[in-house]
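Thanks, everyone, for making the time this morning. Please have a look at the sequence and the model on the screen, and then I will walk you through them.

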Amino acid sequence: MKILIQNGRIIDPANQIDQLGDLQIADGLIQPTSENFEPQQSLDATGLIISPGLIDLRARLREPGQKHKGTIFSESRAAAAGGITMVSIPPDTKPIIDSTAVVELIRQKAEQAGFVEVAPLGALTKGLEGEQLSTMGALKSAGCRAVSNAQNPIHNTQVLRRAFEYANTHDLTVFIHPQDYWLKDGGCAHEGAISTRLGLPGIPDAAETAGVARDLVLIRSTGVRAHFCGISSQQALQMITQARKEGLPITADTAIHHLYLTEMDIGQFNPNSHVIPPLRTERDRTGLIEGVCSGAIQALCSDHQPHDDDAKAAPFEETEPGISGLETLLPLTLRLAKEQHLPLIDALATVTCNPASILGLQSGTLSPGAPANITLFNPDTWWTVRADQLLSAGKNSPFLNWELQGRVTHTLLNGAIVYEAP
Amino acid sequence: MSKSLQLDSQGRLRHFLSIEGLNRPLLTEILDTAERFTQVGNQSAKKVPLLRGKTIANLFFEPSTRTRTTFDLAEKRLSADVLNININNSATTKGETLLDTLQNLTAMQIDMFVVRHSASGAAHFIAQHVPGGVSVINAGDGRHAHPTQAMLDMFTIRKYKEDFTRLRVAIVGDVMHSRVARSQIHALNMLGCPEVRVIAPKTLCPSHVENLGVHFTHNMEEGLEGVDVVIMLRLQNERMRGANLPSKDEFFRFYGLTESRLQCAATDAIIMHPGPMNRGVEIESSVADSQHSVILQQVTNGIAVRMAVLSMAMQHNSGER
């Protein structure tokens, strides 16, 4: 199928392009502009932005293992509606992604659904138990771009060191969720004024900074390439930024909700604001925003965790943590650009070429010859987030009833239109 | 949100979930109403017909003796029909969610729930899920709130001290895990108490406690200096396992209320404890039994205060229907 996207504002952060123009697509690839291109379909992109499809570094699709919360079909369809064309999946599925069979299963299901590409992360340790190394070499051959222990702790620092060394041996990036298990100690909210007032078990900043400190020491000594996932505190970010300046091969992301919400948003026990790592203080929120603007945080992600209603229908501390975020990632990124006077091209880099490069991919661009993974959106359209209009099976969003600006009109995956706004 | 959940559009009590979100006139109204109800306990027929025909379910997901018993008595003295449901969190409820339990009971046309639960926010959650016209009274949720306990403590303080605006109050012990302390702090501040002190080792004091409107010290003698009211909190055994404290003996050595430490307080200081009390851990036996102690009066007052809260919430509730 030959498609011509006409007269849009093409923003391609990887190539530093921001200009009005057309895009020609054939054989699933973006074509060099040619005079005698004869499209079978034309899309009028007047007033729209043409961006590389978004790459979300962290989204739970809930399959395999928790199909009552979401399926690869339902969640990848929601991703496409959110303008996302690739999602990276943490290995804590059931079964865990510690064998090539599970990698294959996820990839096949995603291919059948046909909405997005998936990048399953391999387990860093077998069963994520923090004891035995996983078969990282085989996982890499099966297509895992990186390895991670997700939010499962590795108590034994010798195991952690060996895991880093072995990942390095196979030239794999380690995705780290920094958190000291003991300091987290069953907490469900940031340890501070709000947790004290509401009597909720708190998670101190130190849970994150102690995790980062330990991991940085071992990254330094093993030389492994590492990516810090979901940084929530300003202090942890400072430590990472400092180490990066010293030349450590590290990157960092934050979940976009941490740029908009703080502990205050727990309000009177709002379970949709229950996330791990927890929403922290205004100082942390501001620090993270500055980090995104300065480049200290390279990527933004949805940290999508869809839940069934029952998972959130309980007293706050007994609810399951997580936010359904695929469909709000783009508008919240756009809002950040607007509020912080961040050039749109830089904001879009955090959800396109930067996450691609963290995954070691050349994608997330509109370069001629690249796969035609493209998002068209109207940056001016206002819409209200409503549970019944989210395509995700998970309606657990703290942004429900928020008015957001910027709405996807078309998502293309390998040159095929996989989502078109109704 | 808390305001709209607890109060109706006329500012009357709809649910009683936490002291936060209420206001001084309402707290005073509760105390004044309780004052009138103390007479009922002194009559030979200890009953008034205020809640006749109403059904109240005491839904206890956590064991309790004192609170449950005094609620039970308060309800019966108001002539309500009472259903006592004790649900052992670990066993009976397996498989049934809190919401299911609640919906089943709601189907039995209960007018009011009195709830105790181990999770902070449980009472708010239940209040958000009962049909309009059904009231929820929080009998303790996790570490969050125990507002009727706080009100009976305020009632007791008012009996002995009258004017809150000239009081110095010290709360001693495990504030971190205490719903009682949180509710007392809010109530004391709301009633105009100018100085609330929290005395605890740092391991038993929550972060940012000053934000609640208290002064914090980890020195017992310093904290007790000149106070008019000493509130001791219960110390639970699991605090030794959770690395909050080395031993009961060591706690008593530094934070136990002894006769000699009591010398630091005002000469007419009163001593309170929400119970159950550990003699020789938080408090010296002779101090607990001394003339300063109003611990048993607290229990008696608990009935009148709970009658006041129940009748006020039900008053609203009858109006709505």
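How many residues of chain A are in contact with how many residues of chain B? There are 19 residues of chain A in contact with 24 residues of chain B, where two residues are in contact if their C-beta atoms, placed from the backbone, lie within 7 Å. Before I go on, please keep in mind that this is a predicted model, in which local features need pLDDT of at least 70, side-chain atom pairs count only at pLDDT 80 or more, and totals for chains, interfaces and linings use all residues. Residues are numbered from 1 along each chain as its sequence is written, while chains are lettered from A and ligands numbered from 1 in the order in which they are written.

Now to chain B, whose domain assignment gives domain 1 (2–145 + 300–320) and domain 2 (147–298); such bounds come from an automatic or database domain assignment. The centres of domain 1 of chain B and domain 2 of chain B, taken over C-alpha atoms, are 25 Å apart. To their contact, domain 1 of chain B brings 26 residues and domain 2 of chain B brings 22 residues. On the side of domain 1 of chain B that touches domain 2 of chain B, α13(B) gives the most, with six residues; helices here are DSSP runs of H or I with at least four residues, strands are runs of E with at least two, and both are numbered from the N terminus.

The largest nonpolar core has 111 residues, and those with the most contacts inside it are B:V172 and B:V230. By a nonpolar core I mean a set of buried Ala, Val, Leu, Ile, Met, Phe, Trp, Tyr and Cys residues joined through C-beta atoms within 7 Å. A residue is buried if 20 or more other C-beta atoms lie within 10 Å of its own, exposed if 12 or fewer, and partly exposed in between, with C-beta atoms placed from the backbone. The largest share of this core, ten residues, again comes from α13(B). Domain 1 and domain 2 of chain B both give residues to this core, so it lies between them. Leaving aside neighbours within four places in sequence, the contacts of B:V230 include B:V172, B:L257 and B:I271.

Turning to chain A, helix α4 (residues 157–169) has 13 residues and reaches 18 Å from its first C-alpha to its last, close to the 18 Å expected at 1.5 Å a residue, the expected span being 1.5 Å times one less than the number of residues. Which residues of α4(A) are buried? They are A:L160, A:A163, A:F164, A:Y166 and A:A167. Seen down the axis of α4(A), these buried residues fall within an arc of 170°, so they line one face of the helix; the arc is that of the directions from the helix axis to the C-beta atoms. A:Q158 and A:T169, on the other side of α4(A), are exposed.

Finally, some backbone details. Most residues other than glycine have a negative phi, and most peptide bonds are trans. The bond from A:I276 to A:P277 is cis, with omega near -5°, and a cis bond also joins B:G275 and B:P276, with omega about -10°. A:N7 has a positive phi, near 60°, and is found in strand β1 (residues 3–12) of chain A. B:Q109, with a positive phi of about 60°, lies in the loop between α4 (98–106) and β3 (112–117) of chain B.
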